[in-house]
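Open the structure in your viewer and keep the sequence panel beside it. This tour tells you what to select next and what you will find there.

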Amino acid sequence: QALSVIVFTCFAPLINQIAPLRAMAAFAHCPLRSEEEIGFRGEGLESGEDFDIVPVSLRTNGRMIRVGVLSALAAVVGTVCLVGTPSAVMFNGGVSAITGFSSSGDTSRQQALQVASQEVTQGSNLATAPKENLNDGNICNDDEEQYGALCYAKCSQLAGPDHTYRQSAWTCCKQAQCSLANLFSCCKHDAGACSGFSIAGMQEGSAICPHAPGGCLNDEELFLGMCYMKCSLLTGGLYPNRAEIDGCCKSVGAYCLAEEGAKDGFDGMLITNSTFDVGGGCADSSAGTPCQPHPPLTSVTESHSPSPSTSS
């Protein structure tokens, strides 16, 4: 009983957000109704009905199940209580809009949103094309090479000047074709998802996934294959890291799974608003610099199509 009190005192906010845990909790405290079956009332669940589940032949099995469930809950509770916010934010149920924000969190949000509104309505003087060689036949950024349908960082930069031939997303070689006999001496391998040799060039940022041919404007960043106005510009540097299509974050990782200042107990470092879901060319009246999020533009990497003004 003491253990159950600790579990539900510390774990109540998470139980209210996660239906399976609520069901487990109800099951863990149910009385045995007979030697042939175990039942529980789904109190707190949306339906409010009775459910008879998990047929068990022996009464002792019910006791073992209750102890097992409580032990599992206690382990999770210990992790949440000891690790704190970084773990807790992973259970964010999106209830911050209902519970509201703390005064400090709301102040920071309002400051960032003011800057974003100005950037979108007045435009950014950085909505220009990056300085690229427009006549080299390369429709990727100058620090990238095309392999298949995507642009990757050049193998010569990732694996060294002797390994200039890309043979896969994760393989850079000394020759255009290497035989199986000398594959490992001829090639270098570094596998990963948006890591290792399978990354875009530094023009688009650090550890960015390979992308469709083209590039983003100087005031944009690549996120999930699309170009968005940089969060650092939209928020005046307060939330510089893009974590969602409409979300910017002060940090990276688990801290960006919950909104900053939310009164739901899961205080993260994220701010979300539809104003952040924009491209870099707002309010400049140029068709070559879109205000909407867009795929990379080949017009900024090669001269076969009209190009926005090039930065000096």
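How many bridges join strand E8 to strand E9? Select residues 220-223 for E8 and residues 226-229 for E9. The strands run antiparallel, and 4 bridges join them. Keep in mind throughout that this is a predicted model.

**Stop 1: the hairpin**

Stay with E8 and E9. Click Glu-221, then look across to E9: its bridge partner there is Tyr-228. Now go to the turn. The hairpin has 2 residues between the strands. Leu-224 takes a positive phi near 50° in this hairpin. Most residues other than glycine have a negative phi.

**Stop 2: the whole protein**

Zoom out and show the cartoon. The protein has 9 helices and 12 strands. Of the 312 residues, 38% count as buried. Consider contacts with a separation of 6 or more: residues 24 or more positions apart account for 53% of them.

**Stop 3: a three-stranded sheet**

Select E5, E6 and E7. These 3 strands form an open sheet in the order E5-E6-E7, with antiparallel pairing. Strand E5 (165-168) and strand E7 (187-189) are the edges, each pairing on one side only. From one strand to the next, the twist averages 30°.

Next, select residues 171-173, which are strand E6. Here 3 bridges link E6 to E7. Click Cys-173 and look opposite: Cys-187 is there, in E7.

**Stop 4: the disulfides**

How many disulfides does a search of the whole structure find? The search finds 9. Visit three of them.

Begin with Cys-178 and Cys-186. A disulfide joins these two, S to S 1.9 Å. Both Cys-178 and Cys-186 are buried.

Move on to Cys-194 and Cys-209. Their sulfur atoms are 1.7 Å apart in a disulfide. The link is right-handed, with 90° about the S-S bond. Both cysteines lie in the loop between E7 and E8, so the pair ties together parts that are 15 residues apart in sequence. Cys-194 is partly exposed, at a relative accessible area of 24%. Cys-209 is also partly exposed, at 36% relative accessibility.

Finish with Cys-231 and Cys-248. This disulfide has its sulfur atoms 2.0 Å apart. The link is left-handed, with -70° about the S-S bond. Cys-231 belongs to helix H9 and Cys-248 to strand E11 (residues 247-249), so the pair ties together parts that are 17 residues apart in sequence. Is Cys-231 buried or exposed? Cys-231 counts as buried, at 0% relative accessibility. Cys-248 is buried with a relative accessible area of 0%.

**Stop 5**

Leaving aside neighbours within four places in sequence, Ala-112 is in contact with Leu-234, Thr-235, Leu-238, Tyr-239 and Ile-271.

Now pick Ser-108, in helix H6. Is Ser-108 buried or exposed? Ser-108 is buried because its relative accessible area, 10%, is under 20%. Not counting residues up to four places away in sequence, Ser-108 touches Leu-238, Tyr-239, Lys-250 and Glu-260.

**Stop 6: two alanines with positive phi**

Select Ala-207, in the loop between E7 and E8. Its phi is near 55°, a positive value in a residue other than glycine. Ala-207 counts as exposed, at 51% relative accessibility.

End at Ala-283, in the segment after strand E12 (270-272). The phi of Ala-283 is positive too, near 65°. Ala-283 counts as partly exposed, at 48% relative accessibility.

Key
Residues are numbered from 1 along each chain as its sequence is written. This is a predicted model: local features need pLDDT of at least 70, side-chain atom pairs count only at pLDDT 80 or more; totals for chains, interfaces and linings use all residues. Side-chain values use heavy atoms; hydrogens and water are left out. Contact means heavy atoms within 4.5 Å. Two strands pair if DSSP finds at least two bridges between them. Axes are lines fitted to C-alpha atoms, for helices over the stretch in contact, and angles run from 0 to 180 degrees between N-to-C directions. Buried means under 20% relative accessible area, exposed over 50%, partly exposed in between (1.4 Å probe, protein chains only). A disulfide is a pair of cysteine sulfur atoms within 2.5 Å.
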